[in-house]
Amino acid sequence: MPDTVRLSARGLAKVLGDLEARVVRAVWKAGRPSTAREIHSRVVRHHKVELLTVITVLNKLVTKGVLARAKREDLLHYWARSSEKEFMASASRRVVEGILALGPQAVSASLVDALAERDPEQLAELGRLVRRKLAEAGEP
């Protein structure tokens with residue numbers, strides 16, 4: 001899992017590069033181990049890129065632990081090591097842990113303020129989650 005966060009990027013590209021995000025999404029959409037050529041054909045529909053570039057990105061994602069690969073019928077096949085939901089949960093957790101190193105009180109206050117401005121429903125959900133975790137821990 002990458003340690004870099006790109007604050008100006010959107011979605012998955014915040015923790016992966018833009019092309020890496022496109023490639024891993026194509027792997028998830030395939031839903032099965034796929035060759036580089038198959039992944040390239042999905043990516044190139046929306047983003048002009050050479051096959052060799054996609055192969056390079058696939059191999060970088062293997063090195064980062066996002067994808068796995070194995071040879072089948074003399075071709076390398078790639079697949080995701082986790083689902084999109086699992087990946088996003090893990091990435092979110094790592095980002096939050098990194099942010100908490102700045103100081104939990106300041107981060108908590110900032111999170112509450114940001115949610116109050118952007119998404120009051122999500123703020124209410126956060127309140128429910130906090131109450132549930134406190135109850136599980138035996139806190140009042």
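Reader: Leaving aside its neighbours within four places in sequence, which residues is Tyr78 in contact with?

Author: Contact here means heavy atoms within 4.5 Å. By that rule, Tyr78 touches Val27, Arg32, Pro33, Ser34, Ala36, Leu58, Asn59, Val62, Ala68 and Arg69, once neighbours within four places in sequence are left aside. A word on the source: this is a predicted model, where local features need pLDDT of at least 70, side-chain atom pairs count only at pLDDT 80 or more, and totals for chains, interfaces and linings use all residues. Residues are numbered from 1 along each chain as its sequence is written, and side-chain values use heavy atoms, with hydrogens and water left out.

Reader: Is Tyr78 buried or exposed?

Author: Buried means under 20% relative accessible area, exposed means over 50%, and partly exposed is in between (1.4 Å probe, protein chains only). Tyr78 has a relative accessible area of 2%, so it is buried. Tyr78 sits in strand β3, residues 75–80; helices (H or I, at least four residues) and strands (E, at least two) are DSSP runs, numbered from the N terminus. Tyr78 and Glu38 are 40 residues apart in sequence, yet their C-alpha atoms are 9.9 Å apart in space.

Reader: Which strand does Thr35 lie in, and what does Thr35 touch?

Author: Thr35 belongs to strand β1, residues 34–35. Thr35 counts as buried because its relative accessibility is 11%. Not counting residues up to four places away in sequence, Thr35 touches Leu75, Leu76 and His77.

Reader: How many residues are in the largest nonpolar core?

Author: In soluble globular proteins, nonpolar side chains tend to be buried together. A nonpolar core is a set of buried Ala, Val, Leu, Ile, Met, Phe, Trp, Tyr and Cys residues joined through side-chain atoms within 4.5 Å. Here the largest one has 27 residues, and Val23, Ile39 and Leu58 have the most contacts inside it. At least two residues of this core come from each of α1, α2 (36–43), α3 and α4 (84–100), and α1 gives the largest share, eight residues. Take Ile39: leaving aside neighbours within four places in sequence, Ile39 is in contact with Val23, Ala26, Val27, Ala30, Ser34, Val54 and Leu58.

Reader: At what angle do α1 and α3 pack?

Author: Axes are lines fitted to C-alpha atoms, for helices over the stretch in contact, and angles run from 0 to 180 degrees between N-to-C directions. Under 35 degrees is roughly parallel, over 145 roughly antiparallel, 65 to 115 roughly perpendicular, and the rest oblique. Helix α1 (residues 18–30) and helix α3 (residues 51–63) pack at about 80°, with axes 10 Å apart, so α1 and α3 are roughly perpendicular to each other. Leu19, Glu20, Val23, Val24 and Val27 of α1 meet Thr53, Val54, Val57, Leu58, Lys60 and Leu61 of α3. For composition, Ala, Val, Leu, Ile, Met, Phe, Trp, Tyr, Cys and Pro count as nonpolar, Asp, Glu, Lys and Arg as charged, and the others, Gly among them, as polar. The contact of α1 with α3 has eight nonpolar, one polar and two charged residues.

Reader: And what is the angle between α1 and α2?

Author: They pack at about 110°, with their axes 9 Å apart, so α1 is roughly perpendicular to α2. On the α2 side, the residues meeting α1 are Ile39, Arg42 and Val43. The contact of α1 with α2 splits into seven nonpolar, no polar and three charged residues.
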